[in-house]
Every structure is written in C-alpha cells, then in structure tokens.
Amino acid sequence: MTAIKHALQRDIFTPNDERLLSIVNVCKAGKKKRNCFLCATVTTERPVQVNVVKVKKSDKGDFYKRQTAWALRDLAIVDAKDAVKESPEFDLHFDKVYKWVASSTVEKNTFISCIWKLNQRYLRKKIDFINVSSQLLEESVPSGENQSVAGGDEEAVDEYQELNAREEQDIEIMMEGCEYAIANAEAFAEKLSRELQVLDGANIQSIMASEKQVNILMKLLDEALKEVDQIELKLSSYEEMLQSVKEQMDQISESNHLIHLSNTNNVKLLSEIEFLVNHMDLAKGHIKALQEGDLTSSRGIEACTNAADALLQCMNVALRPGHDMLHAVKQQQQRFSDLREQFARRLASHLNSVFVQQGHDQSSTLAQHSAELTLPNHHPFHRDLLRYAKLMEWLKNTDYGKYEGLTKNYMDYLSRLYEREIKDFFEVAKIKMTGTTREGKKFATLPRKESAVKQETESLHGSSGKLTGSTSSLNKLSVQSSGNRRSQSSSLLDMGNMSASDLDVADRTKFDKIFEQVLSELEPLCLAEQDFISKFFKLQQHQSTSGTAMNEVEEMDGVALSRSYTSGVPQTVSSEKDMIRQMMTKIFRCIEPELNNLIALGDKIDSFNSLYMLVKMSHHVWTAQNVDPASFLSTTLGNVLVTVKRNFDKCISNQMKQMDEVKISKKSKVGILPFVAEFEEFAALAESIFKNAERRGDLDKAYIKLIRAVFDSVEKVANESQKTPRDVVMMENFHHIFATLSRLKISCLEAEKKEAKQKYTDHLQSYVIYSLGQPLEKLNHFFEGVEARVAQGIREEEVSYQLAFNKQELRKVIKEYPGKEVKKGLDNLYKKVDKHLCEEENLLQVVWHSMQDEFIRQYKHFEGLIARCYPGSGITMEFTIQDILDYCSSIAQSH
C-alpha cells in the first residue's frame, strides 16, 4: 500500500500541488467488484483546500487516473455502519449517498480518522460521524502554527514525508557551506551538533531575559484589576440612580401606547363612516328621477337610466364585515329596495303601455300593405323601444320577475301582430299566384283550366290559411296515333300539370318572382326582429349562474323556458341563443305553416313550380346558415326546404309513374312518345332554373331516375306497339333523346347520351335490314345456293358446272329483274317506310339513305360472286350502281 501511495503522490497529486494524507482501497457495495482508491488530500497553497478524490486504474494500462473529486466541505455525514462490530462497509454522504466496502477494516478506520482530523482543523462546518468508535476520534486537536493535521501522529501514519520548499532551501544553504562534498559524515554530524548546542544556548538566554518582562507584565495586570473594581462600584451607584427614572419612563410609554391606540381607532372609524357615506348615499336628483322621472322623453329616459345605475351600484356595494349589523345601513338598504321596487313597477307598466300604443300605431299601417306584396316596416317601433334597452338590462339584473313578465307580454302581443301581418301578406301572395281577387273572382284572364284552378284556389283559402284540398289525381296518358303531332298532343291528358300547353313560361316566371319576393320580404323581417330582441332584452352574452340552483320549467304559451333560481333571483339555464330562438319561435310561429301552405298552392298550380321553389329556398337557407346556422330563420327555412324537396321528389315520382302507366293506340302509329317530349321540356326548364344553383346535386339525381325511366318506358311501348314496328319506335325516340341531350349538354347524362346514340344506331340498322329484306328475291336464293355449294367444298370456278347453277340458269334469273322492276320495288319500299316513320323526327331521308347503301352492298356482293364463280362469262346485272342511285334519288324527290 505504501508503494501505491508514493506512486499516486508522484503521478497524480504532486503535479496538482496536493499532498496525499490517507488512502483506502474500496469497491462499490452491491455491485461487481471493481476496485478503486479513495484519497484524502490537501493543497500546498493557502488557503488550504481539502478534497476526497476517487482514483481508478486505467483500462488501457497500469497507470492510475483521477476520476472524481469531492470537496470535504460538501461532506455531510460519515456512516461507519457499526461502532462496535468491525465492518469494512461505510457510507459518505455528499450530494448523494455513496456506499463503499473497504479492502480491510484497518484501512477504513485509518481513512475515517484522517477525515475527522481534517474536519477538526480546516472546516468550520462540522461533519456528522455516526456509528464510529470513540477511540478513532480524538477529543482535541493540538494547536500551534507548525502543527500538522495529525500532530505528532502524522509521521506514525506516514512513513515518508516529503520536504517542503523552506526545508529544501535550508538544506541547500547548509550543503553549500560544505561545498556539496561530505566526505566525513561524522565530522558533518559533529558540526551539526555544535551548531544545535549554540542554538539551544541562545534559546535559554532568550528565555531568561524574558523573565523580567513577565514580572513587569504581571504587575501591570494587578493594577488593571484594581481599576476594574473601582469602575464596577461606580456603575452600581449609577444603576441605583437610574432605577427610579426607568419606572417613570415605563409609565410614560404606556400612556403613549394608549393615546396611539385611541388615535388608530378614530382613524379606522372615520374610514368606515366615509366608506358608508360615499358608497351608500344616493343623490336627491337620482331619487327624484326614480320616483317621478319622465319615461316618455329622451332626456327623462337618460336621467332615469343614470339614476337606476347609481341605485344598482349602491345596492351592490360590497359591505365590510359588521356593516350589515348597523341600523342605519339596514334603513338605507330598505330604502334602496323600496326605490328599486317602485321604479321597476313604474318602468314595467310604462313599457307595457308602450307595447300596446306602438301596436295600435303599427296596426293602422296594415291597410297600406293590404294590396301590395310587402310587409310593414317595424324599424320605427324598434327605434323607439331601443331607448329603453339599458333600463331593460337594469330590470333584468335587479328584478328578473318583472323582466320575464315584460318578455312574455312582448311575445304575446307581437305574435298576434305579426300573425295578422304575415297572414295578410301570404293572402296577397296567393291571390297574385292564382290570379283571383280576395272574393275569389277571376281576373280578366285565367291560366289553364280556369274552373279547376278556381276550385283548387277556393279549397286552399280557408280561414286558417292551411291547405284543405288534396293534390288532384293525375290522369293517365292516352297516346293517339295520327298523322300529325297536333292531333296527338290534343289527345293527351294533364300528366301532372307539367305540359307546356297547360302553363306557359310567363306564368312560371311570374310564380318564381312572387315566391322570391315572399322570401325576400320575410328574411329582413326576421333578421331585424332577432337583432332587436338581442339588443333590447340584452341577450348577447351568456349569463352565468352561481350558488346552488333549483331548476324550474315554466310553460310560456307553448314555449318551454328553462330557468333556475339562485338566492331568489331566476337565472336562465340555457344559452342566450336558445332564449332568442325560443322568443323568435313564439313570435313568428305562423311563418312555417304559411310557407308550407304557399308551397302546396304552388305545387297545385303547376308541379314544375317545385323546381323554382327548391332553387330559391336552397339559396335562402344557404344565406341564412352563413349568417347563423342555429338562428330561427335558418331553422325555419331548413324545415320548409325539406317540404319543398319532398314535393320535388314527388313531382319526379309522378312523372316516372305516368311513364309506367302509359298506353298506346293500336290503330295509329306511335311516333315520338309524349313522355320523351316532356322530358325534353323538363330538362330544358330545369337547366334554365338550376343554372349556378346550390342544389344542383338534387337535379342530377332526378335526371338519372327520369332518363332511366324514359329508356325503360320506350322499350316497353316499342314491345307493345302493333301498328308501328319496334325498331321504328326505338329508333325515332332514342334519336330524339340523343338530340335533346346533345343540345342541353347535361354533364351527368353523358353515359346515357352515348347509350341513346348506340340504341338509335342499332335499331336504325336493324330496321333497314328488316325492311329492305331481299329486293332481288330469286337472285338472292340463286346465290345462296351457290354459296352453299362453295361451303360444301366445291371450288368457286367449278360452280358453273353444276346443273342447277350453270350460266344459263343465272341468265334466266337475271332477266327477271330488269331496271324497271327494281325501281318499282324501291318505290313500294319508300312508301312503306313513309307510313312507319313520323313527321316530327324527320328521319325518312336518313333511313332511305341507309337502305340505298344496304341495297348497293347486296349488289356488290352479287357482282363479286359472279366474277369469282363465273369468270369470263360476260354475265352482268341489267342495272348498275349508278342506276340504283338514280332510282333512289328520283323516288325521294317524287315524294
């Protein structure tokens, strides 16, 4: 261990100007045995710093390296674990507890003893040593400037002590005197002994010389003690003299304390009185305004508002503890309560009379709007009432019962007023839609089926303003076959009142304008009333509740208002928006049923009106939702929009149902089916209505349903047709559908447009092949036999050697079809096609041109067979392709 200690001193601590005092070989407790050394060191420079250093052997060699250092002043506790039983374990408490196991108990005890001595010498803060044997701890530390840390035991602990700088210097001086050549050690020792004796003698003489000075010092100390005794006697006499003065000063101090306490109490009392006077005193002018203030003029309303605010501040002042026990405070609070009750009663009565008076004034203006499609303007009424908005807020905060009563009265009165106005307004709208007067008389001109419309209108105009009649039953279609479209159209029935012959574009435009005007008048009316309610009744912000509340639900003429009572003052539980919506629902409860009645009437007049209503209502719902999705207007229009959408779906369903129920005449040709023409009318009208509309998706879905129903119905009618060939019905109607879709360019029906074109093309080709048939029948049979022989394996150039198909037989067959007979056959075919096709679609020339091409194809086929099977025979047809073209052209021109 000594060798390790010297090595550590030389390699680690000497370069850092430190001295190694103690070392212990340790390892961490409870972990894998990895030995290291704990070293107690001090610095050689002042001020002296004491450290505990952890030194570990390097993994890359046999040298040691400094790993961790702790200042001894940071050491709080040294725990030796057991003071009686020897144990190598001990703990050092620095910033955390470090648990160590020493290689031997002796090393542990030596290290702890060194730490204790360093603590006693260098540290002001004492370290706690627990579970340490008292034998290891010295009772005192020897004093003296040259005393080392461990006194005389340092040499016992350390067998080697390195010389300090002063000692090295003295030895060098001494050896310089001997010229660094000590040949005779005994002579050198004798010289040192002589010099030591000389020093001892000098020391003795010095001590003897100082004895005289010591005696003098002792004498001076005796004289000083005598002087101290005399001073103590004087101080005792002074203390007796001051004792009486102390008693008098105590009495004066106690008197001053009582005076100060009295002054403090007076100041506090004055502060309390000033607080009560400043905060609970209401000016006479405010009292007079509350009792007698004019609530009709703007100046009087302002004075009452200021007085009410001042009263509320006085009543809501936060009293300090004990104030409520004062009789004067109780009297003032009672006076304030009486003033509040009196003014609240006067204010509520006045506002009720204002509601009634304004209502009479508003009713007088109703006659001006009775014949116009406009709603009365309530802005002057709102403007006059908004002057009382601050007083309503005061009433809401001070007397919620009266505030709620005013709210009820306002809703009851306004609901009756608005109901009269809105019903009259809708009555005018219905009259303008149907073209009748209030007495039900017709105007100069009525739209389609005057008696039926008049009857429907009268059934819709009941006293309640609701629909009393049901939707008229839709008559079935009856398709009449005739030579022209006019006679066919005249035989058609209503088909849900959708035909352009029943109601022209001007009537529908008129309905659209009326419906838009109705919505445009209702929207600002509702928004203005909602804005007024919010401002007048102060419902913009949510009113919080505090304390334990007891819920109560009160029915307000069918509108449930939820309230809670806290300390006797009701507070709204629902949000302010819910309160506004409830009031609006109560006031405008007639809007939704009136709108539904108007929508039903429009649907009665013309089911196509549902398209106009869907677009207009969707736009207004979208606008209202952008402003406030939860508002009354948005909710009401949304509910009505559901009805409009239902009517729109019903209109589409009726068209599809009537397509399914269509019947055709057995005696006349079919032509363009009515529902195909009506789909064209519907699509053209819908495209003009839904241009840039928000509900375009609904129309696209309806298109898909309708076009599929049209396709299916065309197939059904074509299959049932007896007079007109199936291919003609399919060809003409799908050509009409394709032309309609191409003209309107409806993006969602691109697939159906392609399908219609394909069906038209397929059935055109089928009709041409079927109608043309075999115009050269015998010649066709002859060449069929030729093709059969070739199919059996006979070579084409050898067919002429067959008896039945020789050149002579071929010439006989060809002679039976001269040009004159061919032209006659084509003329008969043209007449037959003309009877099948209708004039409206004008497909005769298209079909005739296709038949011409098919005939030429057959002609070329025959010529090809002659050239291959009868080569070099010189046999040809008696007419040419140019002859065919001339025949077809002359036939078409002649008809």
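Colleague: In what order do the eight strands form the open sheet?

Modeller: In this predicted model the order is S4-S3-S2-S1-S7-S6-S5-S8, with mixed pairing. From one strand to the next, the twist averages 30 degrees.

Colleague: What makes S4 and S8 the edge strands?

Modeller: Strand S4 (64-71) and strand S8 (128-130) each pair on one side only.

Colleague: How do you know that S5 and S6 pair?

Modeller: Pairing takes at least two bridges between two strands. Three bridges join S5 (residues 77-79) to S6 (residues 89-93), so the two count as paired. They run antiparallel, and Val78 stands opposite Leu92 in S6.

Colleague: Which helices pack on the sheet?

Modeller: Helix H1 (residues 2-13) touches S1, S2, S3 and S4, and its direction makes about 115 degrees with that of S1. Helix H2 (residues 105-122) touches S1, S2, S3, S5, S6, S7 and S8, at about 135 degrees to the direction of S1.

Colleague: Why are H6 and H7 called roughly perpendicular?

Modeller: H6 (residues 284-292) and H7 (residues 298-315) pack at an angle of about 115 degrees, their axes 8 Å apart. The class covers 65 to 115 degrees, and H6 and H7 are therefore roughly perpendicular to each other. Their crossing is left-handed.

Colleague: Which residues make the contact between H6 and H7?

Modeller: H6 contributes His286, Ala289 and Leu290, while H7 contributes Ala303, Cys304, Asn306, Ala307, Ala308, Ala310 and Leu311.

Colleague: How do the residues of that contact divide into nonpolar, polar and charged?

Modeller: Eight are nonpolar, two are polar and none is charged.

Conventions
Residues numbered from 1 in each chain as written. Predicted model: local features only at pLDDT ≥ 70, side-chain atom pairs only at ≥ 80, totals over all residues. Heavy atoms only, no water. Axes fitted to C-alpha atoms, helices over the stretch in contact; angles between N-to-C directions. Helix = DSSP H or I, 4+ residues; strand = E, 2+ residues; numbered from the N terminus. Parallel < 35°, antiparallel > 145°, perpendicular 65-115°, else oblique. Left-handed = near helix turned anticlockwise from the far one by under 90°. Contact = heavy atoms within 4.5 Å. Nonpolar A, V, L, I, M, F, W, Y, C, P; charged D, E, K, R; others polar.
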